[in-house]
Structures are given as C-alpha cells and as structure tokens.
Amino acid sequence: MTALPAHAEVVVIGGGILGCSTAYHLARDHKADVIVLEQNQLTSGSTWHAAGLVGQLRSSASITQVLKYSVDLYRRLEEETGLATGWKMTGCLRLATNAERMTEYRRLATTARSFGMEMHLLSPSEAQAMWPLMEVSDLVGASFLPTDGQANPSDITQSLAKGARMHGARFFEGVRVTGFRSKDGRIEAVETNQGVIACDKIVNCGGQWARQIGALAGVSVPLQPMKHLYIVTEPIPGLARDVPTVRDPDRRTYYKEEVGGLVMGGYEPNPHAWTTGDIPDDFAFRLFDDDFDHFEPHMINAIARIPALGDVGVRRMIHAPESFTADGNFILGRAPELENFFVGAGFNAFGIASGGGAGWVLAAWVQRGEAPMDLWSVDIRRFSDLHKDREWLKDRVVEATAKHYAIAFPHEEMQSGRPHLVSPLYERLKAHGAVFGSKLGWERANGFARDGEPARDVYAMGRQNWFAGVGREHVAAREAVVVFDQSSFAKFELVGRDAERALSLLCAGDVTKPPGRLTYTQMLNSRGGIECDLTVARLADDRYYLVTGTGFRTHDSAWIRDHIAPGANARLVDVTEQRATLALMGPRARVLLSRVSQDDWGNAAFPFARARQMTIAGRSALALRITYVGELGWELHCDNADAGQIFDALVAAGADLGLTLAGYRAIESLRLEKAYRAWGADITPNDNPYEAGLGFAVSLRGDRAFLGREALFAARNSPLKKRLASFVCDDEDVVLIGRETILRDGEPVGYLTSGGYGYTLRRPIGLGYLRRADGVSEAWAEGGRYELVVAEQRRSCRISFAPLYDPLGERVRS
Ligand SMILES: Cc1cc2nc3c(=O)[nH]c(=O)nc-3n(C[C@H](O)[C@H](O)[C@H](O)COP(=O)(O)OP(=O)(O)OC[C@H]3O[C@@H](n4cnc5c(N)ncnc54)[C@H](O)[C@@H]3O)c2cc1C
C-alpha cells in the first residue's frame with residue numbers, strides 16, 4: 001500500500017458515494033489537495049447494497065436543485081471517466097389509491113413546476129399503459145416525473161472515485177480513522193491505524209459510522225441506523241427493461257427493474273431500528289440475515305399490485321442498515337463544535353439520489369467556509385442538545401421512518417419523545433385547552449380549544465379542525481389583546497467591552513445605538529444572503545440581548561461565535577432556558593399592562609423599538625416593544641420563576657378587555673397579513689435584504705465594515721432580479737401551503753415561500769419572490785395579471801409590495 005502522506009489540505013473520511021463525490025468535487029472544482037481514507041474498501045458501507053432508485057423532487061427548492069445536479073452528473077460522468085454509472089432515465093411513477101393521495105400529487109406537481117421540473121398527472125389507464133404488468137383497478141390516478149431514474153450505486157461511486165483521482169485526489173483503503181488531535185477549536189491532525197496525518201480540514205462522510213467518528217472529535221452527528229429490506233426477483237416474463245421506477249406509497253412499496261426482474265422494497269409501519277451503540281468497524285459488504293416474516297406484508301401488497309410477481313422466485317433479499325435522521329433530511333455542513341470539521345451523512349435511503357449533488361455543495365462549503373446556497377433544511381446546525389439523546393433520537397427516527405410513505409398532511413406534528421422541553425407556563429396553558437406542537441424539542445401552544453372542541457389536531461388536505469379557533473385568536477389580537485407564550489425563543493446575551501464592535505461586524509443594521517434601543521437586523525453571508533434574522537436590544541455599553549427563532553438556536557449562535565474575531569472581548573451566552581417570554585399583543589395591550597404595572601407604558605415614555613426593565617405584578621421583566629403580528633404590544637422577558645405570576649396577573653386583569661390566549665398558528669396568519677418575513681422560508685441565505693424588501697433594515701452609512709457589505713453595494717447598483725411580494729387570492733376557499741407557482745399574464749415568474757390564511761382580510765395569503773432576468777421593476781410587476789397555481793388549478797390573485805394590513809404600521813406605533 002502507498003504510504004500515507006504526512007499532511008493533506010482536506011481529509012475525507014469514508015469511501016462511500018458521499019466521500020467519493022465530495023473528493024471528486026473538491027479536486028475538480030477547487031483544486032484541493034484531498035485524500036480519502038476508507039477503513040475497508042470503497043463502497044463497502046451502505047453504498048454497495050442500495051437499490052439505486054434516483055428521485056429528485058423535495059419540498060425545498062435548493063435540495064431539489066442538489067438532486068437535479070446528481071442526475072445531470074450521473075448522466076455525463078462516464079464521458080469524463082470512462083466508467084459507466086448505470087444511469088437510466090426511466091422516469092418515476094407514483095400511484096394513488098385515494099383522493100387525499102391524489103391531492104398530495106397535485107400539490108407535488110405544482111411544486112415540481114415551481115422548481116422548474118415537469119411532473120404529469122395520469123389516469124389509472126395511462127399509468128397502466130406505461131407499466132402493463134401492473135394491476136390498476138384500485139387506483140384513482142398517478143403522477144409521473146419523467147427525468148427521475150435509476151443507477152448502479154457501486155458503479156457511480158467507482159466512477160466518481162476515478163474522476164477524483166484524475167483531478168489529483170488520493171485514496172487510501174484499509175485505513176481507519178481512530179482519533180483526532182485538536183487545538184483551540186480546530187482539528188490539527190487525524191490519527192489512523194496507519195499513522196497520523198496533519199490536515200487543514202476534515203470531512204466526515206462516514207455513513208452510519210459518522211456518529212461515532214464525530215464523537216471522537218466531540219461533534220454531534222445525530223443519526224440512527226435502521227434496518228431496511230428489499231428483494232431482487234428472478235426475471236419476469238414480459239417486463240420491459242425500460243419501465244419507470246414505481247412508488248406505491250399506499251401499499252408502502254417501491255419497484256425498480258433489474259436484469260429483467262424487479263427490485264422490490266418498502267417502508268413498513270413498524271420499522272426496526274438497529275443499534276444505538278457503535279457500528280462494528282468490520283461491517284463491510286455485510287447484510288443482516290433474511291427476514292421474510294417482517295417482509296411478508298410488502299410481499300402481499302406487491303403481488304396484489306403486480307400479480308406476475310407471484311410466479312417468479314426471489315433471487316436474494318437485501319436486509320441492510322442505513323442511517324436515518326429525526327426529520328428525514330440528510331446532514332451537511334460545518335459542525336458548530338469545531339472550526340474545520342465538516343459532515344456529510346445521514347442519507348435516509350436517498351444517498352444515491354443525493355450523493356452527486358450533496359458532494360458538490362459540501363465541497364464548496366468546505367472550501368469557502370460558508371454554504372454556497374440555502375441548505376438550511378439539511379444543515380447540521382438545525383439540531384440541538386436534544387438530538388444527542390440516543391433513545392429520544394431512536395424513537396423519533398422510528399416514527400419518521402414509519403411515516404415515510406404516509407400522506408404528508410400540511411401542519412402535521414410528530415408525537416414521539418414529547419414533551420421534552422416545556423416553558424414554565426406549560427401546565428397553565430394546558431389547563432386552558434392548549435393544543436401543542438413541538439419545535440426543536442419545545443412544546444409550544446399552536447392554539448387553544450374551547451367549549452368542547454377537541455384539544456387535538458385532525459389533519460386534512462383542506463381546512464383543518466383548528467381553522468375556526470385560530471381565527472378567534474387572530475381577531476382577538478387585532479381587536480382586543482392576546483398573550484402568546486414564546487418562551488421557546490432562542491435568547492442570547494453578548495457581553496464584553498468588544499460586544500458592540502463584534503456585533504457591528506456581523507449586522508447589516510446599525511446596532512451602535514445607545515442602551516435601551518432595539519434593532520431589527522439581519523446577519524449576512526459574503527454573498528449578501530440572509531443568514532440570521534433577529535432582534536438585538538442594547539442593554540448596556542457592553543451588553544446586548546439577542547432574540548431569534550426557536551429553531552435557529554444552534555444555527556444563529558454558531559454563526560455569531562464563528563464570526564467573533566479571535567481575542568475579542570465578546571462572549572455569547574445562551575440564556576434560552578433561563579428566561580420565559582410572554583408576548584402581549586393587541587390594541588388593548590397598554591391598558592392591560594397599566595392595570596398590573598405602575599410603570600409608564602405610554603408612547604412617550606416607552607416608544608416603539610425600545611427596551612426597558614419594567615415591573616409587572618411585582619416581578620421584573622425586560623420589556624421589548626416590538627411585534628411579529630403587527631399590533632401595539634410588548635415581549636416580556638423574565639426569569640422563569642416569575643413567568644407564572646406575570647401570566648396569572650395578566651389573565652386576571654384582562655378578562656373584561658377580551659384577553660385571549662393565542663398560539664403559533666395565529667402568529668402565522670397575523671404575520672402573513674403584515675408580510676413579516678420568516679427566516680428559512682421567505683428569507684434565506686439565497687436572498688439579500690433588497691430582494692427581500694428589507695432594505696430599510698440595512699445601514700450602509702459611513703464606512704462601517706460588516707460581512708456582506710460589498711455584496712450589498714453591488715446588489716444596490718444593479719436591477720433586482722427577484723423581489724418578495726404579497727399575494728392575496730380572490731377566492732376565500734383556496735388553501736395555500738407554500739410552493740404554489742406564481743403566474744404573471746399566464747407565465748411562471750416564481751413561487752410562494754409561505755402560504756396561509758389571513759382572518760382579518762378573510763382571504764388566503766402568500767409571500768413569494770417575483771423573478772425576472774431583466775429585473776423586477778415595480779411598473780413591470782404591477783402591470784401584470786396574476787394567478788397562483790394551487791394543486792394544479794389556476795386561482796386569480798392580486799399582488800402587493802406593501803403589507804396587506806396596516807401598510808403604514810400605524811397600529812404598531814400607536
Ligand atoms: C437496503 C437499502 C436500499 C437503499 N436504496 C436506495 C435507493 O434506492 N436510492 C438511494 O438513493 N439510496 C438508497 N439507499 C441509501 C444509500 O445506500 C445510502 O444513503 C448511501 O449509500 C450512503 O452513502 P455514504 O457514503 O453516506 O455511506 P457509506 O456508503 O456507508 O460510506 C461510509 C464509509 O465510511 C467508512 N468509514 C466508517 N468509519 C470509518 C473510519 N473510522 N475510518 C475510515 N473509514 C470509515 C465506511 O467503511 C464506509 O465505507 C439504500 C440503503 C439501503 C440500506
């Protein structure tokens with residue numbers, strides 16, 4: 001074996017599809033000095049036994065783009081490397097046996113079109129014409145995505161490895177990583193069973209071993225290996241070699257042609273988790289014993305769908321492990337724990353489909369230090385300490401895997417491992433009929449059931465059972481006063497004499513204001529894209545209080561910590577679990593506060609965008625005059641121990657003012673009417689503040705340097721190629737959920753990033769970017785006739801760049 005080098009710029013761990021793809025792109029696109037260490041042989045982990053179905057459509061536009069890239073790569077790789085990938089563009093049929101599934105496909109077809117892909121809806125007989133051996137009497141319809149296909153996982157991987165070598169990457173098989181040497185938050189060297197290699201960057205592509213490899217470096221990679229099964233049959237007479245792959249989710253099965261027979265597998269409702277401990281190092285080219293008992297329901301379902309299957313033998317069963325994650329998305333990016341440690345793992349049985357594209361974006365992330373596009377849905381920083389709990393993770397992954405082929409109802413909540421984190425008001429809210437959802441481990445009231453209404457969600461494709469109740473809460477916020485328990489907000493203090501300087505270097509807004517002032521601001525990447533969207537309250541010269549969304553706790557804190565200059569006297573302290581937050585919102589908020597507090601809540605003493613330490617019901621609270629619902633109101637941040645008393649006092653004093661307890665679904669409808677943006681949906685690392693209509697929050701005055709400033713100057717001086725706007729449907733009954741296509745004069749010009757219903761306007765509302773290569777001027781935008789494509793139906797709508805409700809913000813400042 002060739003001797004290991006003493007140093008490499010990038011060490012990739014793992015010779016599966018992801019390690020080989022990442023090495024290929026690092027070498028080809030970035031000319032990096034890259035080596036791949038594989039403990040056994042290339043492909044010997046999960047890659048060799050994958051079934052090889054390659055689908056592309058996901059609910060995120062960026063991830064769909066990543067998967068489209070895979071297909072493009074697999075199609076042309078042989079030309080470059082001389083090694084075939086087995087790619088066949090057969091298309092993919094999805095079958096529907098009921099109306100709700102068909103609605104799901106209609107929405108998927110619209111999403112596909114929004115993301116620039118074709119997906120057709122078929123009748124049962126059209127589906128059968130494509131797949132004559134299929135029984136279709138129980139079908140109501142099907143969908144067909146023509147550019148999906150299938151490939152040979154081992155061949156793709158070998159082809160990628162060859163391509164990587166052609167561009168200078170070096171591969172070492174039989175080399176196991178056993179540890180890391182680190183200093184000051186950086187890995188300096190990799191320890192292996194063959195010696196030590198100094199390196200600048202590490203990429204952990206260790207498949208189901210990625211968790212234990214991460215643990216060697218103190219990095220959490222929350223994944224759970226699950227047992228997955230499929231069979232390969234003898235040849236089936238009459239089966240064409242180019243039939244589409246088939247997904248039959250109502251029968252929980254999938255199919256792919258292979259040498260004249262079928263690969264048939266499925267996702268059972270009672271999947272088996274493998275170990276929560278370490279994976280053996282020598283689990284190479286290995287399978288579990290056959291388990292035909294567990295597989296039997298799939299077999300019965302499959303024979304009902306394809307009767308010819310009953311007449312052929314099974315050549316072999318593949319019963320093998322694959323790593324899954326809590327939310328079904330894979331894990332990519334720079335680990336928050338270390339500066340130079342990257343991860344690409346947890347592929348949830350679509351690692352072959354993702355491998356090409358995931359390696360492409362991961363390589364760019366490794367080289368540039370920031371994600372090349374919005375990859376939030378797969379970002380490793382979407383997890384928290386919660387995900388380190390192996391039992392919790394196992395239960396959640398089992399639940400998610402069991403639902404893999406279930407109909408995806410909008411707004412559905414997971415049930416396992418709950419409650420996990422609760423606010424000090426949890427029991428009180430429960431007593432008031434709260435229906436909880438969960439976010440990053442926190443129980444949060446989505447809404448409140450009343451008067452015999454069931455305190456649970458009943459999911460549907462159309463309006464769901466909470467619709468009227470949320471409307472009640474919405475109207476109370478607009479006309480009276482509501483209290484939201486927002487204790488799950490991620491909250492930080494930035495302290496130290498360099499706090500102002502550190503924050504100024506990160507924020508597009510001006511945070512150098514005096515103590516007592518609030519700033520709504522974004523933090524940008526070097527492309528000017530929005531990485532964080534938060535409220536910053538200055539409490540003292542050397543102390544700031546930062547509030548951001550529940551789900552962004554790890555992400556935002558990592559972004560801030562990563563960008564504090566070494567040696568700066570500025571320390572970020574997470575106070576999320578010490579401080580509760582009650583948001584009191586509505587035109588009667590001031591009156592109510594004046595009943596329980598002797599402090600002055602008047603506009604002169606406490607104007608908008610100010611922070612004051614106040615006393616409420618004898619307890620101290622930091623009050624922030626800010627709103628995400630567009631009404632007069634305050635966020636009251638207090639010690640956990642004081643939350644109950646403040647809440648009780650507000651409830652007792654607010655009865656005759658119409659005080660109503662309200663939840664997160666009301667926040668959603670209220671913020672949509674105000675066109676307040678949600679990070680991760682309406683504003684992402686792909687969007688700069690001008691495109692997002694947040695130019696008002698940017699301060700380019702003076703020569704203050706901040707991350708993204710140059711990109712903003714460039715953006716300001718060229719026409720905007722996209723612009724966020726509000727869309728409101730004419731028909732009150734349309735159900736918007738996001739990703740609906742926007743048509744201008746009949747032509748697609750974008751898609752909704754958020755969708756919902758505004759109870760004040762009594763109309764469905766969405767937010768979305770209008771896109772145009774020549775630039776989106778107001779005159780062009782307003783000169784068009786607009787429709788939304790909703791589940792494949794055109795619905796007329798109108799556009800507005802101003803908020804649809806209280807466009808001048810008078811209520812907020814009242
Ligand atoms: C039954 C089954 C069917 C599937 N079907 C499909 C499908 O149809 N379509 C699809 O897209 N996906 C499918 N998948 C999923 C797919 O196989 C995986 O997502 C993919 O192979 C993961 O690739 P990887 O590179 O992340 O991991 P792996 O292929 O497991 O590679 C990780 C590598 O890291 C090495 N390694 C681990 N620890 C160390 C160490 N300490 N030092 C050095 N090397 C180390 C391992 O030896 C291994 O080779 C299927 C999976 C299963 C189980």
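Tutor: A residue is termed buried under 20% relative accessible area, exposed over 50% and partly exposed in between, with a 1.4 Å probe and protein chains only. Helices (H or I, at least four residues) and strands (E, at least two) are DSSP runs numbered from the N terminus. The model is predicted, and local features therefore need pLDDT of at least 70, side-chain atom pairs count only at pLDDT 80 or more, and totals for chains, interfaces and linings use all residues. Residues are numbered from 1 along each chain as its sequence is written, and side-chain values use heavy atoms, with hydrogens and water left out.

Student: Which strand do the buried residues of helix 17 pack against?

Tutor: Helix 17 spans residues 709–716, and its buried residues are R709, A711, L712 and A715. They lie on the same side of the helix, because they cover an arc of only 155 degrees around the axis, the arc being that of the directions from the helix axis to the C-beta atoms. Contact means heavy atoms within 4.5 Å. The element packed against by these buried residues is strand 23 (518–524).

Student: Which residue of strand 14 is the bridge partner of R247?

Tutor: Strand 13 (residues 245–248) and strand 14 (residues 253–258) pair in the antiparallel sense over three bridges. Their hairpin has four residues between the strands, and R252 takes a positive phi near 60 degrees. D248 is bridged to T253. The partner of R247 is Y254.

Student: Over how many bridges do strand 14 and strand 15 pair?

Tutor: Five of the six residues of strand 14 are buried, so this strand is largely enclosed by the rest of the structure. Two residues separate strand 14 from strand 15 in a hairpin, where V259 in the turn has a positive phi of about 35 degrees. E258 has G261 as its bridge partner in strand 15. The antiparallel pairing of strand 14 with strand 15 (residues 261–266) has six bridges.

Student: How many degrees lie between the ring planes of F330 and F347?

Tutor: Rings of Phe, Tyr and Trp (its six-membered ring) pair if their centres lie within 6.5 Å; planes under 30 degrees apart count as stacked, over 60 as edge-to-face and the rest as tilted. A search of the whole structure finds 24 aromatic pairs, including the tilted pair of W274 and F283, at 5.0 Å centre to centre and 50 degrees between the planes. The rings of F330 and F347 have their centres 4.7 Å apart and count as stacked, because their planes lie at 25 degrees.

Student: Is F330 buried or exposed?

Tutor: F330 lies in the loop between strand 16 (314–324) and strand 17 (331–334), and F347 in the loop between strand 18 (341–345) and helix 8 (351–368), so their pair ties together parts that are 17 residues apart in sequence. F347 has a relative accessible area of 9% and is buried. At 1% relative accessibility, F330 counts as buried.

Student: Which residue of strand 30 stands opposite A583?

Tutor: Strand 27 (residues 579–585) is mostly covered, with seven of its seven residues buried. R579, T581, A583 and M585 point one way from strand 27, and A580, L582 and L584 the other way. Strand 27 runs antiparallel to strand 30 (residues 633–639), joined by seven bridges. The residue opposite A583 is E635.

Terms used: Two strands pair if DSSP finds at least two bridges between them.
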